[in-house]
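This briefing concerns selected local features of a structure. They are grouped by topic below.

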Amino acid sequence: MESNRTSSGGLDEPGRVVHGGDGHVHLRVVDRSPPEGAARRPWDWARWLVVALGGMSVASFVGSFLLPWWRFWLYAPQYPKGLMLVISLTGMGGDVHEIDLLNHYIGMKHLADAAPNERMLAGYGVAAIGVLTLAGMALAGKKLNKWVAIPAVAFPVVFLSDSFYWLYSFGHDLDPKAPLRIGAFTPELFGNGQIGQFATFAQPAAGFWVALAGVALAVAANVVRSRVCTHCAHASECSLVCPRAMVLPDKARSAS
Amino acid sequence: MRAHTIVTATLLATGITAAIVVGCENKAVQQQQQASGNLGASTSVADLMKSRGLSEADVEAALKTYVPTGKMDEYYIFASGGQSGNVDVIGVPSMRMLKVIGVFTPESWQGWGFGGDSDKILEGGNQGAHKIRWADMHHPNLSETKGEYDGQYLFVNDKANARVAVVDLADFATKQIVPNPLAASDHGGAFVTPDTDYVIETSQYPSPLGREYAPITEYKEKYRGVAIFWKFDRQKGRIDPSKSWALELPPYTQDLADAGKLDSDGWAFINSFNTEMAVGGTLDGKPPVESGASQNDMDYLHVINWKKAEALVNAGKTKTIAGMRVLTMDVAGPEGVLTLVGEPKSPHGCDVTPDGKQVIVGGKLDTHTTIYDIAKMKALIEQKKFDGKDAYGLPILPFKESIAGQVEIGLGPLHTVFDDKGNAYTSVFIESVVAKWSYKDYKKPVEKLKVHYNIGHILSAEGDTVSPDGKYVVAMNKMSMDRFLPVGPLYPQNFQLIDVDGEKMRYLADMPLPNAEPHYSQMIKADKIKAVKAYKPGTNALGEIDPAKVEGGKERIVRNGNKVEVFMTAIRSHFTPDRIEVEEGDEVTIHISSLETAEDQTHGFTIDMYNVNVSLEPGKHENISFKADMPGSYPMYCTEFCSALHLEMMGYFLVKPKKK
Ligand SMILES: [Cu+2]
């Protein structure tokens, strides 16, 4: 196979006559990728698979923006049905009023005071991820390629660490004049916990899982994309931005 | 090929993620399911029966009525609270009291009548110059749609002061009391027509209409009975007195009433006694009413074509008395709107059968129930086949041709209720039994069950609808004698729950009624009642969002001359503001909203010594107005143990004395 590769750089030389072993005359296409057309063509198409996967990833993030990300349940004898707090990227739902009411006994701040900037910025964050992921998938060249999935991967990580920060801060910044004094604590972000007479249970909700699917899709897109790049005839021209980025597959092929 | 594999793997991963999402959400719910404890059977049932002296029938009854913790009753009973003036709500089959609804009488737990908005409703029921704060409640009636209970409203009457109240079953609270402007007492009410177009209230003891004075010697000329047809506005959930009207009745003592249904829709029936028009006069050597009124062998069942009466009222054929349009007897008689038919000796009970074809009257002083055939009576009225007229010119139907039959029930038959198998159950007062008989074949009772004692009213599950449920009958006994622990000379009444599902009637449970003598009751399937768990924030006693509702953070005190308005909130565990300072003589209004939204989180609010007490269920708003006429420093506090810091839920109401 290696023997069929041309050693010279530069553009292909269309119309160069090569004599094949079978005695027929072939019109050879010369590039750096494996010469078999069968192997080359799918990788041309895979550029668009990358964009499709990237698009699905972005769609997942947009979807997760509309869904609840986390749920907390609180159970006590006098709340047989339990209380539930639903966290989404932009706000809170469920029994916020009642939980605030109970929290005031231990001097905890109002839930509405948690993560105000984050909730305000979340929409921009999702938009930024969408733009960065899509642009990265479509435009990044060899050198940038390994970074394009980073925004998507980082988003849930930032969410989790930020949530942990706020839980910690709420549990540690209690009003010293509160009627009930319980020591500083951090509510559990995952699974079972206990606060006073309340058994708590927390777990991710649909939005978080859909966002994780978005991460998986972004990573998958990124993997496919790096395979495309290794099969690309233009690797040598490639740096931060892919030179073939916006060329349609047919043109890319006929131009090769 | 690899690209294809990656796509497949990604899609699979997404699918699995989705599955995890669903799975986890379920797990959280399951976590809540608690394993029920096993108490162990250390004592065998047989030993228990022996040690407690229980028969097999007792154990069976216990098993049929026991409702363990966490489970609920199958039916509600809405019982008249008699002299308590309030409604008792009872669960069936457990026969546990669920609630007392404050209606005519102040009820302090609900803050009913202690300075809040409920005062306005109670005031709506004042008669003349008198602030009436008690009632002799007799007949609760549930609202109906097409002859079936719809679980929306309950109507009750007050015999002593001639009033009708509307209770909303969304929050189990009274919303309106309407005073009867014509009569001085009522009894045949509050009975509804099959679609609750009208709530019928019939007078009991005659008096001059509009409650004027007339010497008793002019009884026959001036005293009258009356049936009020209160128009119910279902949209508003209120009786509309301006659209209501009345039918003048002769001064016989009208008793119980019932509205026709199905075939007899548009008709109403009222029995009566004392057609002798005895008025006593024992000091003058005349017989008391009890014997004077028991001379005739026949009294009169009143047969009323209310649809036709309504048309005559709409046509303006009325006379206005005390602000109410009255269709008088001289119009109603000739028009065939009001017709009489004989009924044996001082009857009681007047109950239309579920099919609407018959009306059954208990003989009380006669041993029979008489079953009137409504179609026959309608035909006789149509053909004007009368047996003469009474003293007021009202046509009288021939008795024999009006009835379908008579059944020899026993001594003192009163009220009749029905099951789903064509059986009637009649309360037999003097004999102290429930008599079961078929209202289809008019034979003697198939069974009699002794009750303890002196049964008055009787009720059965959805018993006066077009489709009774059968299952349960309750004997409402006036006396309990040896049934309960002694509590002094005033004994509890006794509700006896009877199983009528089988071939034979069986006792299930006794329930002492400790607060008054209930009269009629109605039993409705529990799932028809849609009770709210909390109010929409700012809802007042009238069920409206109050214009003065107070939101958190907007609490304030506003003074305007000598008028002080306090806009207050209540939430665990504080009132805001918690200090109110006024001058002696100020007119104070406290607008107070509960900011609670959670189920069963009720506060109360009282100002000591000021006779102020309201109940603040979640979302409830109250307006309390009074004059600060007593200088001093008064605690105000939450009267409901709402939280661990309930005792701390207090403040001060300070009234500075006037400078002298
Ligand atoms: Cu309280």
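Leu139(A) lies in helix α3 of chain A, which spans residues 116-139. The model described here is predicted. The points below take up a surface patch, a helix and a sheet.

**Surface patch in chain A**

- Leu139(A) belongs to a nonpolar patch on the surface, together with Leu144(A), Trp147(A), Ile150(A), Leu240(A) and Val241(A).
- The accessible area of these residues together is about 570 Å².
- Leu139(A) has a relative accessibility of 36%, and therefore counts as partly exposed, a class that lies between buried, under 20%, and exposed, over 50%.

**Helix α7 of chain B**

- Helix α7 of chain B comprises residues 306-314, and its buried residues are Trp306(B), Ala309(B), Leu312(B) and Val313(B).
- Because these residues cover an arc of only 110° around the axis, they are on the same side of α7(B).
- Gly316(B) follows α7(B) and has a positive phi, near 80°.

**Open sheet in chain B**

- An open sheet of 5 strands is found in chain B, with the order β36-β42-β41-β38-β39 and mixed pairing.
- Strands β36 (579-583) and β39 (612-616) of chain B are the edge strands, each pairing on one side only.
- From one strand to the next, the twist averages 15°.
- Strand β38 of chain B, residues 603-607, runs antiparallel to β39(B) and is joined to it by 5 bridges.
- His603(B) is positioned opposite Leu616(B), which lies in β39(B).

Definitions and conventions: Residues numbered from 1 in each chain as written. Chains lettered and ligands numbered in written order. Predicted model: local features only at pLDDT ≥ 70, side-chain atom pairs only at ≥ 80, totals over all residues. Heavy atoms only, no water. Patch = residues over 30% accessible without salt bridge, like charges linked within 9 Å, V, L, I, M, F, W, Y side chains within 5 Å. Areas by Shrake-Rupley, 256 points an atom, 1.4 Å probe, with all protein chains shown as cover. Salt bridge = Lys/Arg side-chain N within 4 Å of Asp/Glu carboxyl O. Helix = DSSP H or I, 4+ residues; strand = E, 2+ residues; numbered from the N terminus. Buried < 20%, exposed > 50% of the residue type's maximum accessible area, 1.4 Å probe, protein only. Arc of directions from axis to C-beta. Pairing = 2+ DSSP bridges. Axes fitted to C-alpha atoms, helices over the stretch in contact; angles between N-to-C directions.
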